[in-house]
Amino acid sequence: MNQINPLHIGAVLVVLLAFLFFKLSDAKSSLQEEKLLYQESKNLALQLSSLKEIYGQKEKTLLSVKRLLSQSSIKSSGVTMQQSKEGLILSAKSMNLTALNSLMGKLINGSYKIAALNIERVNESHASLKVEIKW
Amino acid sequence: MRFKKEHAKFFLDPLAKSAPSLEASQKVDLVLSPALYWVKKVKLPVKKSRDVKRLLPSLFEDLLPEGNYSYHAYKSGEEYLIFAYEEQRILELLFKFGIAFAQIGSVHFAQSLGAFLETPRRINETQALLLKDDLVIIAPLAWVDAQEELEMDGVRLSNNTIRLQQYGHIVDSSSVNKISIALLLLAFVVGAEIFVTHMKKAEVLSKKEELFTQYKLQATMMQNRSLLAGYLSTSKEQKALREAFGAFLSLKLQRQCRIKRMEYKAKILKVTISEVTPQSQRAITSQLQNKGVVFTPKLFKTNLTLEVKI
(Lines give C-alpha, C1' and ligand atoms only; values in the text may rest on other atoms or scores of the structure.)
Protein backbone atom coordinates (compact mmCIF):
# COMPACT_ATOMS: atom_id res chain seq x y z
CA MET A 1 0.00 0.00 0.00
CA ASN A 2 1.72 3.18 -1.17
CA GLN A 3 -0.03 6.37 -1.95
CA ILE A 4 0.84 9.56 -3.76
CA ASN A 5 0.94 12.55 -1.48
CA PRO A 6 -2.18 14.58 -2.31
CA LEU A 7 -0.07 17.70 -1.91
CA HIS A 8 2.06 16.40 -4.81
CA ILE A 9 -1.07 15.81 -6.87
CA GLY A 10 -2.23 19.31 -5.95
CA ALA A 11 1.15 20.75 -6.91
CA VAL A 12 1.07 18.93 -10.28
CA LEU A 13 -2.43 20.22 -10.97
CA VAL A 14 -1.45 23.76 -9.99
CA VAL A 15 1.62 23.60 -12.26
CA LEU A 16 -0.57 22.22 -15.06
CA LEU A 17 -3.06 25.07 -14.53
CA ALA A 18 -0.26 27.64 -14.48
CA PHE A 19 1.07 26.21 -17.74
CA LEU A 20 -2.39 26.28 -19.29
CA PHE A 21 -2.95 29.87 -18.19
CA PHE A 22 0.41 30.78 -19.72
CA LYS A 23 -0.55 29.09 -22.99
CA LEU A 24 -3.91 30.86 -22.92
CA SER A 25 -2.27 34.23 -22.39
CA ASP A 26 0.12 33.44 -25.24
CA ALA A 27 -2.74 32.39 -27.52
CA LYS A 28 -4.74 35.53 -26.68
CA SER A 29 -1.83 37.89 -27.36
CA SER A 30 -1.16 36.04 -30.61
CA LEU A 31 -4.83 36.46 -31.55
CA GLN A 32 -4.68 40.16 -30.70
CA GLU A 33 -1.57 40.53 -32.85
CA GLU A 34 -3.26 38.82 -35.78
CA LYS A 35 -6.33 41.01 -35.37
CA LEU A 36 -4.18 44.15 -35.47
CA LEU A 37 -2.31 42.84 -38.48
CA TYR A 38 -5.58 42.05 -40.22
CA GLN A 39 -6.86 45.58 -39.54
CA GLU A 40 -3.63 47.03 -40.87
CA SER A 41 -3.88 44.82 -43.94
CA LYS A 42 -7.47 45.90 -44.50
CA ASN A 43 -6.62 49.61 -44.23
CA LEU A 44 -3.64 49.15 -46.49
CA ALA A 45 -5.68 47.17 -49.01
CA LEU A 46 -8.35 49.87 -49.20
CA GLN A 47 -5.79 52.66 -49.58
CA LEU A 48 -3.76 50.73 -52.12
CA SER A 49 -6.82 49.79 -54.07
CA SER A 50 -8.05 53.39 -54.36
CA LEU A 51 -4.59 54.72 -55.28
CA LYS A 52 -4.09 51.95 -57.82
CA GLU A 53 -7.45 52.91 -59.29
CA ILE A 54 -6.14 56.48 -59.76
CA TYR A 55 -2.52 55.96 -60.73
CA GLY A 56 -2.15 52.35 -61.64
CA GLN A 57 -4.48 51.90 -64.57
CA LYS A 58 -2.48 51.93 -67.79
CA GLU A 59 -5.33 51.08 -70.14
CA LYS A 60 -7.66 53.56 -68.47
CA THR A 61 -5.06 56.37 -68.76
CA LEU A 62 -4.37 55.59 -72.40
CA LEU A 63 -8.05 55.49 -73.28
CA SER A 64 -8.69 58.73 -71.43
CA VAL A 65 -5.84 60.59 -73.16
CA LYS A 66 -6.94 59.29 -76.57
CA ARG A 67 -10.42 60.53 -75.86
CA LEU A 68 -9.00 63.92 -74.89
CA LEU A 69 -6.99 64.18 -78.05
CA SER A 70 -9.96 63.25 -80.17
CA GLN A 71 -11.90 66.31 -79.00
CA SER A 72 -12.43 68.66 -81.87
CA SER A 73 -10.78 71.68 -80.17
CA ILE A 74 -7.62 69.72 -79.47
CA LYS A 75 -7.59 67.40 -82.48
CA SER A 76 -7.02 70.25 -84.89
CA SER A 77 -4.09 71.68 -82.91
CA GLY A 78 -1.70 68.96 -84.10
CA VAL A 79 -0.93 67.26 -80.77
CA THR A 80 0.85 63.98 -81.26
CA MET A 81 1.09 61.05 -78.88
CA GLN A 82 4.03 58.72 -78.42
CA GLN A 83 3.51 55.62 -76.36
CA SER A 84 6.24 53.74 -74.52
CA LYS A 85 6.55 51.11 -71.81
CA GLU A 86 6.69 53.69 -69.05
CA GLY A 87 3.98 56.03 -70.35
CA LEU A 88 3.24 58.45 -73.16
CA ILE A 89 4.47 61.78 -74.43
CA LEU A 90 2.15 64.40 -75.85
CA SER A 91 3.78 67.04 -77.97
CA ALA A 92 2.87 69.87 -80.21
CA LYS A 93 5.31 72.27 -81.93
CA SER A 94 2.80 75.08 -81.97
CA MET A 95 -0.73 75.00 -80.69
CA ASN A 96 -3.13 77.81 -80.10
CA LEU A 97 -3.54 79.01 -76.55
CA THR A 98 -7.25 78.09 -76.39
CA ALA A 99 -6.50 74.48 -77.27
CA LEU A 100 -3.55 74.52 -74.87
CA ASN A 101 -5.75 75.85 -72.08
CA SER A 102 -8.36 73.21 -72.77
CA LEU A 103 -5.83 70.37 -72.89
CA MET A 104 -3.85 71.51 -69.87
CA GLY A 105 -7.04 72.13 -67.92
CA LYS A 106 -8.10 68.51 -68.52
CA LEU A 107 -4.65 67.15 -67.72
CA ILE A 108 -4.32 69.15 -64.49
CA ASN A 109 -7.85 68.32 -63.34
CA GLY A 110 -7.50 64.66 -64.24
CA SER A 111 -5.60 62.07 -62.24
CA TYR A 112 -2.69 61.78 -64.63
CA LYS A 113 0.81 61.23 -63.32
CA ILE A 114 2.63 64.17 -64.97
CA ALA A 115 6.31 63.30 -64.90
CA ALA A 116 7.60 66.16 -67.04
CA LEU A 117 6.20 69.21 -68.75
CA ASN A 118 7.48 71.94 -71.06
CA ILE A 119 5.24 74.73 -72.29
CA GLU A 120 6.98 77.52 -74.19
CA ARG A 121 5.37 80.56 -75.71
CA VAL A 122 6.05 80.72 -79.44
CA ASN A 123 4.19 83.95 -80.08
CA GLU A 124 1.21 85.89 -78.70
CA SER A 125 -1.29 83.21 -79.63
CA HIS A 126 0.68 80.00 -79.81
CA ALA A 127 2.88 77.86 -77.63
CA SER A 128 4.76 74.61 -77.89
CA LEU A 129 3.91 71.72 -75.62
CA LYS A 130 5.58 68.55 -74.39
CA VAL A 131 3.98 66.54 -71.58
CA GLU A 132 5.21 63.23 -70.30
CA ILE A 133 2.61 61.09 -68.54
CA LYS A 134 3.71 57.95 -66.74
CA TRP A 135 1.66 54.99 -65.54
CA MET B 1 8.01 -18.46 -13.31
CA ARG B 2 6.73 -16.10 -10.62
CA PHE B 3 5.74 -17.44 -7.24
CA LYS B 4 3.19 -15.58 -5.17
CA LYS B 5 4.92 -14.44 -2.01
CA GLU B 6 3.04 -14.98 1.17
CA HIS B 7 2.60 -11.81 3.15
CA ALA B 8 3.52 -11.87 6.81
CA LYS B 9 0.62 -11.28 9.19
CA PHE B 10 0.75 -9.04 12.20
CA PHE B 11 -1.79 -8.34 14.90
CA LEU B 12 -1.55 -4.60 15.53
CA ASP B 13 -2.09 -4.11 19.21
CA PRO B 14 -1.22 -0.89 21.11
CA LEU B 15 -0.05 -2.97 24.09
CA ALA B 16 2.11 -5.37 22.08
CA LYS B 17 5.66 -5.55 23.36
CA SER B 18 7.49 -6.54 20.19
CA ALA B 19 7.40 -5.46 16.57
CA PRO B 20 7.25 -7.97 13.74
CA SER B 21 10.56 -9.01 12.25
CA LEU B 22 10.23 -8.16 8.62
CA GLU B 23 12.71 -7.97 5.77
CA ALA B 24 13.13 -4.62 4.07
CA SER B 25 10.84 -5.33 1.15
CA GLN B 26 8.54 -7.82 2.87
CA LYS B 27 4.83 -7.03 2.85
CA VAL B 28 2.67 -7.49 5.93
CA ASP B 29 -1.07 -7.92 6.26
CA LEU B 30 -2.32 -6.13 9.35
CA VAL B 31 -5.10 -7.18 11.68
CA LEU B 32 -6.28 -4.28 13.81
CA SER B 33 -6.93 -4.95 17.46
CA PRO B 34 -10.45 -3.99 18.62
CA ALA B 35 -8.63 -1.41 20.78
CA LEU B 36 -8.07 0.51 17.56
CA TYR B 37 -11.65 0.72 16.37
CA TRP B 38 -15.31 0.87 17.34
CA VAL B 39 -17.73 -1.72 15.96
CA LYS B 40 -21.51 -2.02 15.93
CA LYS B 41 -23.95 -4.47 14.49
CA VAL B 42 -26.97 -2.70 12.98
CA LYS B 43 -30.01 -3.55 10.94
CA LEU B 44 -30.66 -0.95 8.25
CA PRO B 45 -33.38 -0.76 5.62
CA VAL B 46 -30.91 -0.16 2.77
CA LYS B 47 -29.91 -2.34 -0.11
CA LYS B 48 -26.36 -1.23 -0.87
CA SER B 49 -23.26 -0.74 1.30
CA ARG B 50 -22.73 2.61 -0.44
CA ASP B 51 -25.99 3.86 1.08
CA VAL B 52 -24.89 2.66 4.53
CA LYS B 53 -21.59 4.53 4.33
CA ARG B 54 -23.43 7.85 4.12
CA LEU B 55 -25.17 7.08 7.41
CA LEU B 56 -22.11 5.94 9.35
CA PRO B 57 -21.07 9.25 10.96
CA SER B 58 -24.56 9.73 12.34
CA LEU B 59 -24.75 6.13 13.57
CA PHE B 60 -21.64 6.68 15.68
CA GLU B 61 -22.49 10.24 16.60
CA ASP B 62 -22.96 9.98 20.33
CA LEU B 63 -20.54 7.13 20.90
CA LEU B 64 -17.18 8.36 19.76
CA PRO B 65 -14.82 10.56 21.75
CA GLU B 66 -13.52 13.63 19.97
CA GLY B 67 -11.28 12.82 17.04
CA ASN B 68 -10.93 12.51 13.30
CA TYR B 69 -12.63 9.23 12.26
CA SER B 70 -12.85 7.16 9.13
CA TYR B 71 -15.67 4.66 8.63
CA HIS B 72 -16.26 1.28 7.04
CA ALA B 73 -19.20 -1.10 6.71
CA TYR B 74 -19.99 -4.49 5.27
CA LYS B 75 -22.93 -6.84 5.30
CA SER B 76 -22.88 -9.85 7.55
CA GLY B 77 -25.99 -11.98 7.10
CA GLU B 78 -29.05 -9.79 7.54
CA GLU B 79 -27.19 -7.10 9.43
CA TYR B 80 -24.43 -4.64 8.79
CA LEU B 81 -21.17 -4.50 10.69
CA ILE B 82 -20.10 -0.88 10.95
CA PHE B 83 -16.68 0.35 12.05
CA ALA B 84 -15.15 3.67 13.08
CA TYR B 85 -11.41 4.14 13.45
CA GLU B 86 -8.80 6.85 13.76
CA GLU B 87 -6.29 6.52 10.93
CA GLN B 88 -3.82 8.83 12.59
CA ARG B 89 -3.65 6.56 15.63
CA ILE B 90 -3.06 3.49 13.47
CA LEU B 91 -0.34 5.27 11.47
CA GLU B 92 1.39 6.33 14.68
CA LEU B 93 1.32 2.76 15.91
CA LEU B 94 2.81 1.53 12.64
CA PHE B 95 5.56 4.08 12.97
CA LYS B 96 6.19 2.90 16.54
CA PHE B 97 6.57 -0.68 15.33
CA GLY B 98 8.79 0.37 12.42
CA ILE B 99 6.40 -0.75 9.72
CA ALA B 100 6.73 1.43 6.60
CA PHE B 101 3.56 2.41 4.76
CA ALA B 102 4.89 0.81 1.61
CA GLN B 103 5.16 -2.55 3.43
CA ILE B 104 1.45 -2.73 4.20
CA GLY B 105 -0.30 -5.35 2.13
CA SER B 106 -3.84 -5.30 3.43
CA VAL B 107 -5.55 -4.05 6.58
CA HIS B 108 -8.26 -6.07 8.31
CA PHE B 109 -10.31 -5.64 11.43
CA ALA B 110 -9.96 -8.28 14.13
CA GLN B 111 -13.55 -9.22 13.23
CA SER B 112 -11.90 -11.25 10.42
CA LEU B 113 -10.52 -13.64 13.04
CA GLY B 114 -13.97 -14.65 14.25
CA ALA B 115 -13.71 -18.12 12.77
CA PHE B 116 -10.42 -18.81 14.59
CA LEU B 117 -11.60 -17.82 18.06
CA GLU B 118 -13.27 -21.00 19.31
CA THR B 119 -11.54 -20.20 22.60
CA PRO B 120 -10.22 -16.83 23.86
CA ARG B 121 -6.63 -16.07 22.86
CA ARG B 122 -4.05 -13.99 24.68
CA ILE B 123 -2.94 -10.93 22.78
CA ASN B 124 -0.72 -9.26 25.39
CA GLU B 125 0.05 -9.52 29.11
CA THR B 126 -3.27 -8.10 30.20
CA GLN B 127 -5.81 -8.76 27.47
CA ALA B 128 -7.36 -11.54 25.45
CA LEU B 129 -9.30 -11.67 22.21
CA LEU B 130 -12.63 -13.51 22.10
CA LEU B 131 -15.79 -13.91 20.10
CA LYS B 132 -18.97 -12.77 21.82
CA ASP B 133 -22.34 -12.46 20.15
CA ASP B 134 -20.59 -12.73 16.80
CA LEU B 135 -18.41 -9.74 17.59
CA VAL B 136 -14.67 -10.03 18.20
CA ILE B 137 -13.85 -8.11 21.36
CA ILE B 138 -11.04 -7.77 23.87
CA ALA B 139 -11.42 -8.52 27.54
CA PRO B 140 -9.06 -8.45 30.52
CA LEU B 141 -7.24 -11.71 31.08
CA ALA B 142 -8.75 -11.87 34.55
CA TRP B 143 -12.24 -12.28 33.04
CA VAL B 144 -11.55 -15.08 30.63
CA ASP B 145 -9.68 -18.29 30.52
CA ALA B 146 -7.17 -17.69 27.72
CA GLN B 147 -4.69 -20.54 27.68
CA GLU B 148 -3.19 -19.93 24.28
CA GLU B 149 -1.61 -17.00 22.58
CA LEU B 150 -3.05 -15.63 19.36
CA GLU B 151 -1.10 -17.17 16.48
CA MET B 152 -1.33 -15.39 13.14
CA ASP B 153 0.31 -18.20 11.14
CA GLY B 154 -2.27 -20.24 9.30
CA VAL B 155 -4.97 -17.62 9.74
CA ARG B 156 -6.97 -16.99 6.59
CA LEU B 157 -8.14 -13.42 6.46
CA SER B 158 -11.39 -12.31 4.82
CA ASN B 159 -11.65 -9.97 1.85
CA ASN B 160 -13.07 -7.19 3.96
CA THR B 161 -10.22 -4.73 4.09
CA ILE B 162 -9.81 -1.02 4.61
CA ARG B 163 -7.50 1.36 2.85
CA LEU B 164 -5.45 3.59 5.08
CA GLN B 165 -4.95 7.14 3.87
CA GLN B 166 -1.25 7.86 4.22
CA TYR B 167 -1.88 11.58 4.09
CA GLY B 168 -5.33 11.55 5.58
CA HIS B 169 -4.12 13.73 8.43
CA ILE B 170 -3.17 16.51 5.99
CA VAL B 171 -6.41 16.62 4.11
CA ASP B 172 -9.27 14.15 3.92
CA SER B 173 -9.82 12.27 0.69
CA SER B 174 -13.20 13.83 -0.09
CA SER B 175 -11.64 17.30 0.09
CA VAL B 176 -8.74 16.14 -2.09
CA ASN B 177 -11.20 14.71 -4.59
CA LYS B 178 -13.30 17.89 -4.61
CA ILE B 179 -10.27 20.13 -5.02
CA SER B 180 -8.82 17.85 -7.72
CA ILE B 181 -12.12 17.78 -9.61
CA ALA B 182 -12.38 21.58 -9.35
CA LEU B 183 -8.82 22.01 -10.61
CA LEU B 184 -9.37 19.52 -13.42
CA LEU B 185 -12.59 21.27 -14.43
CA LEU B 186 -10.77 24.59 -14.44
CA ALA B 187 -7.97 23.04 -16.50
CA PHE B 188 -10.58 21.74 -18.93
CA VAL B 189 -12.22 25.17 -19.19
CA VAL B 190 -8.86 26.85 -19.77
CA GLY B 191 -7.98 24.17 -22.32
CA ALA B 192 -11.27 24.80 -24.10
CA GLU B 193 -10.57 28.54 -24.05
CA ILE B 194 -7.16 27.91 -25.63
CA PHE B 195 -8.81 25.82 -28.33
CA VAL B 196 -11.44 28.50 -29.03
CA THR B 197 -8.72 31.17 -29.18
CA HIS B 198 -6.77 29.11 -31.70
CA MET B 199 -9.94 28.71 -33.77
CA LYS B 200 -10.51 32.47 -33.71
CA LYS B 201 -6.92 33.05 -34.78
CA ALA B 202 -7.37 30.61 -37.67
CA GLU B 203 -10.51 32.53 -38.67
CA VAL B 204 -8.65 35.84 -38.68
CA LEU B 205 -5.82 34.32 -40.73
CA SER B 206 -8.37 32.98 -43.21
CA LYS B 207 -10.02 36.41 -43.50
CA LYS B 208 -6.60 37.96 -44.06
CA GLU B 209 -5.92 35.49 -46.86
CA GLU B 210 -9.27 36.33 -48.45
CA LEU B 211 -8.37 40.01 -48.22
CA PHE B 212 -5.08 39.42 -50.01
CA THR B 213 -6.88 37.53 -52.75
CA GLN B 214 -9.73 40.02 -53.09
CA TYR B 215 -7.47 43.07 -53.40
CA LYS B 216 -4.70 41.26 -55.28
CA LEU B 217 -2.12 42.25 -52.70
CA GLN B 218 1.50 41.23 -52.87
CA ALA B 219 2.59 38.18 -50.89
CA THR B 220 4.23 40.06 -48.02
CA MET B 221 3.14 43.10 -46.06
CA MET B 222 6.58 44.62 -46.63
CA GLN B 223 5.99 44.58 -50.39
CA ASN B 224 2.51 46.02 -49.96
CA ARG B 225 3.71 48.77 -47.63
CA SER B 226 6.45 49.63 -50.13
CA LEU B 227 3.89 49.75 -52.95
CA LEU B 228 1.59 51.97 -50.92
CA ALA B 229 4.48 54.27 -50.01
CA GLY B 230 5.23 54.65 -53.72
CA TYR B 231 1.65 55.52 -54.57
CA LEU B 232 1.37 57.93 -51.66
CA SER B 233 4.56 59.65 -52.75
CA THR B 234 3.16 59.97 -56.29
CA SER B 235 -0.12 61.32 -54.95
CA LYS B 236 1.69 63.89 -52.79
CA GLU B 237 3.88 65.01 -55.68
CA GLN B 238 1.04 65.35 -58.14
CA LYS B 239 -1.06 67.26 -55.64
CA ALA B 240 1.82 69.67 -54.91
CA LEU B 241 2.45 70.12 -58.65
CA ARG B 242 -1.16 71.02 -59.28
CA GLU B 243 -1.19 73.45 -56.37
CA ALA B 244 1.91 75.15 -57.75
CA PHE B 245 0.38 75.28 -61.24
CA GLY B 246 -2.72 76.78 -59.75
CA ALA B 247 -0.72 79.43 -57.91
CA PHE B 248 1.17 80.48 -61.04
CA LEU B 249 -1.78 80.40 -63.39
CA SER B 250 -3.79 82.59 -61.02
CA LEU B 251 -1.07 85.29 -60.79
CA LYS B 252 -2.25 88.80 -61.59
CA LEU B 253 0.48 90.03 -63.92
CA GLN B 254 1.12 93.57 -65.10
CA ARG B 255 0.09 94.27 -68.63
CA GLN B 256 3.49 93.79 -70.24
CA CYS B 257 4.40 90.63 -68.31
CA ARG B 258 3.87 87.25 -69.88
CA ILE B 259 4.48 83.70 -68.72
CA LYS B 260 7.13 82.79 -71.25
CA ARG B 261 7.84 79.23 -70.20
CA MET B 262 6.68 76.52 -67.76
CA GLU B 263 8.98 73.61 -67.30
CA TYR B 264 8.60 70.71 -64.94
CA LYS B 265 11.36 68.15 -64.69
CA ALA B 266 12.93 66.10 -61.90
CA LYS B 267 10.47 67.49 -59.36
CA ILE B 268 11.40 71.10 -60.07
CA LEU B 269 8.91 73.52 -61.60
CA LYS B 270 10.45 76.51 -63.35
CA VAL B 271 8.24 79.34 -64.52
CA THR B 272 9.79 82.13 -66.56
CA ILE B 273 7.98 85.46 -66.78
CA SER B 274 9.17 88.01 -69.31
CA GLU B 275 9.17 91.83 -69.24
CA VAL B 276 9.48 91.93 -65.49
CA THR B 277 10.36 95.21 -63.78
CA PRO B 278 11.52 95.47 -60.17
CA GLN B 279 8.07 96.69 -59.25
CA SER B 280 6.31 93.88 -61.03
CA GLN B 281 8.77 91.38 -59.54
CA ARG B 282 7.79 92.55 -56.07
CA ALA B 283 4.11 92.19 -56.96
CA ILE B 284 4.65 88.68 -58.35
CA THR B 285 6.76 87.43 -55.44
CA SER B 286 4.37 88.99 -52.93
CA GLN B 287 1.41 87.18 -54.52
CA LEU B 288 3.26 83.88 -54.45
CA GLN B 289 4.29 84.34 -50.85
CA ASN B 290 0.71 85.08 -49.89
CA LYS B 291 -0.33 81.84 -51.57
CA GLY B 292 2.28 80.02 -49.50
CA VAL B 293 4.46 79.03 -52.43
CA VAL B 294 8.12 78.50 -51.58
CA PHE B 295 10.23 79.58 -54.55
CA THR B 296 13.68 80.74 -55.60
CA PRO B 297 13.64 83.79 -57.91
CA LYS B 298 16.32 84.36 -60.56
CA LEU B 299 16.23 87.54 -62.54
CA PHE B 300 18.11 87.74 -65.84
CA LYS B 301 17.59 91.05 -67.61
CA THR B 302 13.81 91.28 -67.69
CA ASN B 303 13.18 87.55 -67.40
CA LEU B 304 12.22 86.36 -63.97
CA THR B 305 12.55 82.64 -63.43
CA LEU B 306 10.82 81.24 -60.38
CA GLU B 307 11.90 77.79 -59.22
CA VAL B 308 9.69 75.71 -57.02
CA LYS B 309 10.75 72.36 -55.59
CA ILE B 310 7.85 69.95 -55.70
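F60(B) is buried, with a relative accessible area of 1%. Its ring pairs with that of Y71(B) in a tilted arrangement, 5.9 Å centre to centre and 35° between the planes. The model is predicted.

**Aromatic pairs**

- A pair of aromatic rings is described by the distance of the centres and the angle of the planes.
- F60(B) and Y71(B) are counted as tilted because the angle of 35° falls between the cut-offs of 30 and 60 degrees.
- F60(B) sits in the loop between α1 (49–59) and β4 (70–76) of chain B. Y71(B) sits in strand β4 of chain B.
- Y71(B) is partly exposed, with a relative accessible area of 27%. F60(B), at 1%, is buried.
- Chain B also holds a ring cluster. Ring pairs link Y37(B), Y74(B), F83(B), Y85(B) and F109(B).

**Salt bridge between the chains**

- Side chains of opposite charge can pair when their charged atoms come close.
- K208(B) forms a salt bridge with E34(A). The closest N and O atoms are 3.9 Å apart, and the cut-off is 4 Å.
- K208(B) lies in helix α3 of chain B and E34(A) in helix α1 of chain A, so the pair joins two chains.
- K208(B) counts as buried because its relative accessibility is 15%, under the 20% limit.
- E34(A) is buried as well, with a relative accessible area of 14%.

**Salt-bridge network**

- E120(A), R261(B) and E263(B) are linked in a network of salt bridges.

**Salt bridges within chain B**

- E125(B) forms a salt bridge with K17(B). The closest N and O atoms are 3.1 Å apart.
- E125(B) lies in the loop between β7 (121–122) and β8 (127–132) of chain B, and K17(B) in the loop between β1 (8–12) and β2, so the pair ties together parts that are 108 residues apart in sequence.
- Both E125(B) and K17(B) are exposed.
- K41(B) and D134(B) also meet through their side chains, in a salt bridge of 3.3 Å from N to O.
- K41(B) is in strand β3 of chain B and D134(B) in the loop between β8 and β9 (135–140), so this pair ties together parts that are 93 residues apart in sequence.
- K41(B) is partly exposed, with a relative accessible area of 30%. D134(B) counts as exposed, at 52% relative accessibility.

**A buried loop residue in chain B**

- S33(B) is found in the loop between β2 (28–32) and β3 (37–42) of chain B.
- S33(B) is buried, with a relative accessible area of 0%.
- Its C-alpha atom is separated by 8.1 Å from that of I138(B). Along the chain, S33(B) and I138(B) are 105 residues apart.

**Surface patches**

- A positive surface patch is formed by K35(A), K42(A), K200(B) and K207(B).
- α1 (6–55) of chain A and α3 (173–214) of chain B each supply at least two residues of this positive patch.
- K42(A) is placed in helix α1 of chain A. K42(A) counts as partly exposed because its relative accessibility is 34%, between the limits of 20% and 50%.
- A nonpolar surface patch is made by L16(A), F19(A) and F22(A). Its area is about 310 Å².
- F19(A), one of the nonpolar patch residues, lies in helix α1 of chain A.
- F19(A) is partly exposed, with a relative accessible area of 46%.

**Chain A layout**

- Chain A has 4 helices and 4 strands.
- From the N terminus on, its elements run α-α-α-β-β-α-β-β.
- Chain A has 135 residues, and 37% of them count as buried.

Terms used: Residues numbered from 1 in each chain as written. Chains lettered and ligands numbered in written order. Predicted model: local features only at pLDDT ≥ 70, side-chain atom pairs only at ≥ 80, totals over all residues. Heavy atoms only, no water. Patch = residues over 30% accessible without salt bridge, like charges linked within 9 Å, V, L, I, M, F, W, Y side chains within 5 Å. Areas by Shrake-Rupley, 256 points an atom, 1.4 Å probe, with all protein chains shown as cover. Lys, Arg positive; Asp, Glu negative; His and termini not counted. Charge placed at Lys NZ, Arg CZ, Asp CG, Glu CD. Buried < 20%, exposed > 50% of the residue type's maximum accessible area, 1.4 Å probe, protein only. Phe/Tyr/Trp six-rings, centres within 6.5 Å; stacked < 30°, edge-to-face > 60°.
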